[in-house]
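Visitor: I am new to this structure and would like to be guided through it. May I put some questions to you?

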Amino acid sequence: MTGSALQPARLAGADILRIGAVGLRARRARVVLSALGIAIGIATMVAVVGLSTSSRADLMGRLDRLGTNLLTAEAGKDALGQDVKLPKNAEPMVERIGPVQQATAIGQLDTRIRRSDVVPEDQPAGVTAQAARTDLLTTLNASTAKGRWLDRASERLPVTVLGAVAAERLGITGPGEKIMMNNRYVVVIGILRPVELVPNLDRVALIGFPAAERYLGFDGHPTTVFERSPDASVEDVRAVLARTVMPGSEGSVKVSRPSDALAAKAAADQGLTSLMLGLGAVALLVGGVGVANTMVISVLERRQEIGLRRALGATKGAIRLQFVTESLLLSALGGAAGAALGAAATSTFAMAQGWEVVIPLWSLGGGLAATLLIGILAGLYPAIRASGLHPTVALHAT
Amino acid sequence: MTVIELRAVTKSYPGGVHALRGVDLSIDPGELLAVVGPSGSGKSTLLNLIGTLDRPTSGTVRVAGHDVGALSDSQLSALRARHIGFVFQHFHLSPGRDAVDNVADGLLYAGVPLKERRVRARLALEQVRLGHRLSHRPHELSGGEKQRVAIARALVGEPDLLLADEPTGALDTASGRIVMELLHELHATGTTICVITHDQEIAAALPRHIRVRDGAVVSDRRSVEAAS
Ligand SMILES: Nc1ncnc2c1ncn2[C@@H]1O[C@H](COP(=O)(O)OP(=O)(O)OP(=O)(O)O)[C@@H](O)[C@H]1O
Ligand SMILES: [Mg+2]
């Protein structure tokens, strides 16, 4: 025995965890309450990241489906403030631009729309009329919810297809019903699904160009031209589109890319996401302070236990490890609960929105790393205090 | 060879308190001794030095051949984990954990695996005649039973030295008697035991008898007949 090197035994990993959990098991209510702050912080951050990712994934999916290669050229006002009209041959001219694959047009009609002749003429229904080409639907990647779209035959007839909102405002539930355009009954043959790229069309009653000219006094001049080209050529087309549509007075033509509006919406959400992330970080910080506070109290209350462990042969390091482990477990508990909560909130909300649920692994991993870091930081000071207690003093404290 | 050897040991606390003023003491393997003396005379201080929980202000303390003054804090911890068992007046059991787990903690810092710790804890509990209370938690045990659990925790590591600071101080006479019986039994199996007590009757029953007053050993008697 004499001279044999005295080397403290290393604690097994399972023992370290077991010792760290002793203090938690004895004070369950306090554990739950002090882990709550961390749980809320992590839940907020996981949910915020999850929701913004899910919504962005949904938007990307939609953009993918709708295509980002659609451009519109819209007649605006000339230098004198007068409404300008696009030439009748605006579409064929656009189609002649090299990369353009398809082009179509609509024309604003000056038509009053009512549900029936019982409704006074001066009570607008909030629905306008547009003349539409038969290839409008395919170009916009839109579709009908009910009934049919205009075709070669029906574009010549006094029939209309309603946007989703227009149908609702007019109280039309299905094809076959009639509405009044000016003083003439027109049969509804179809109702569109919401047109995501051009939401304005949701509030419109559409009628074929020939029919509009024949029955509603339309002059045949389009007001907006839509075109699609391969993604790589969009910028090239954009550069020449106004000039092509209105040679000589391209300044009065407004060219835009409808998918930009959708993307801009996502960017606007980004600001809110950062704010929420900040709030989550604050909650996490407060949670960390709560854990540190709990640990300091725990050390004060357990001086005798610390003294006893020292008497049983625990090194200062073992005492430090015990309290850091306890703090780690405490915050990991909060972190795990928070991650589960955040993931559940994301799933519930995203599913309610009809989005695909995307919870990035990095947000869970980041949350876990943050909790572990907080656990260590919050536990370090109390652990050092605990290990610095003199064994005899700790034992005598009553 | 001696288990404990103190040479000219003093211990002073800040504020001019001289708890020990030059103590010489040797304890041989297999001894059972009582430390008696009035309150404040330095008994607990002496026991803490012997148990390496504290270091002397001057003088040397050797425990199981190691010079305490030359060891680092973690080496002292290892020394306690392997060679010394403690029994305290107030038991210091871990609440909410059963007798087996409390006793098994006596082996925790000696690097014994959990399974073996539990097996040996059961044996130690049987040795203190608590085989029927294995899964009782401290609040389900009487004071005497708690102290027997604490004794089992001290002896489970088969220490060279068992130190007890007023082990019967918080117990009624009957429970105290059982505790002392156990210590005598342990002594009979060869364990070196040092007991602080205020109880003259208990002290008189032990083979060696050290009286401390004002931080000094004033008498050290061995009684032949008390051993039997
Ligand atoms: N940590 C300390 N700081 C200052 N003085 C102390 C400390 N511990 C003990 N003392 C003093 O040292 C002296 C001896 O104390 P000790 O605890 O050894 O006495 P004791 O003989 O065990 O008494 P009792 O029988 O009452 O337990 C006392 O005067 C006490 O006040
Ligand atoms: Mg004392």
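Visitor: How many salt bridges does the rule find across the interface of chain B and chain A?

Guide: The model is a predicted one. A salt bridge here requires a side-chain nitrogen of Lys or Arg within 4 Å of a carboxyl oxygen of Asp or Glu. One pair that meets in this way is A:Asp15 with B:Arg117, at 2.7 Å from N to O. Across the interface of chain B and chain A, the number of salt bridges found is 2.

Visitor: Which helix of chain B gives the most to the side that touches chain A?

Guide: The contact takes 33 residues from chain B and 32 residues from chain A. Helix 2 (73-83), helix 3 and helix 4 (114-127) of chain B each supply at least two residues of the side that touches chain A. With 10 residues, the helix of chain B that gives the most is helix 2.

Visitor: Which three residues supply 25% of the area that chain B buries against chain A?

Guide: The area buried between chain B and chain A is about 2,800 Å², and carbon and sulfur atoms give 60% of this area. On the side of chain B that touches chain A, the residues divide into 13 nonpolar, 11 polar and 9 charged. The 25% share of what chain B buries, more than any other three residues supply, comes from B:Leu53, B:His92 and B:Tyr109.

Visitor: How far apart are the axes of helix 3 and helix 5 of chain B?

Guide: Two packed helices are described by an angle and a distance between their axes. In chain B, helix 3 (residues 99-108) passes helix 5 (residues 143-155) in a right-handed crossing. B:Ala99, B:Asn102, B:Val103 and B:Gly106 in helix 3 meet B:Val149, B:Ala152 and B:Arg153 in helix 5. The angle between these helices is about 35°, and their axes are apart by 6 Å.

Visitor: How many residues apart are A:Glu301 and A:Arg30?

Guide: The side chains of A:Glu301 and A:Arg30 meet in a salt bridge, at 3.0 Å from N to O. A:Glu301 lies in helix 8 (residues 258-301) of chain A and A:Arg30 in helix 2 (residues 28-66) of chain A. The pair thus links distant parts of the chain, and the separation is 271 residues.

Visitor: How many nonpolar residues are in the contact of helix 2 of chain A with helix 10 of chain A?

Guide: Helix 2 of chain A and helix 10 (residues 316-352) of chain A pack at an angle of about 35°, and their crossing is right-handed. The residues of this contact include 9 polar and no charged ones. The number of nonpolar residues is 18.

Methods: Residues are numbered from 1 along each chain as its sequence is written. Chains are lettered from A and ligands numbered from 1 in the order in which they are written. This is a predicted model: local features need pLDDT of at least 70, side-chain atom pairs count only at pLDDT 80 or more; totals for chains, interfaces and linings use all residues. Side-chain values use heavy atoms; hydrogens and water are left out. Axes are lines fitted to C-alpha atoms, for helices over the stretch in contact, and angles run from 0 to 180 degrees between N-to-C directions. Helices (H or I, at least four residues) and strands (E, at least two) are DSSP runs, numbered from the N terminus. A crossing is left-handed if the near helix is turned anticlockwise from the far one by less than a right angle, and right-handed if clockwise. Contact means heavy atoms within 4.5 Å. Buried area is the accessible area (1.4 Å probe) that two parts lose on being put together, summed over both. Ala, Val, Leu, Ile, Met, Phe, Trp, Tyr, Cys and Pro count as nonpolar, Asp, Glu, Lys and Arg as charged, and the others, Gly among them, as polar.
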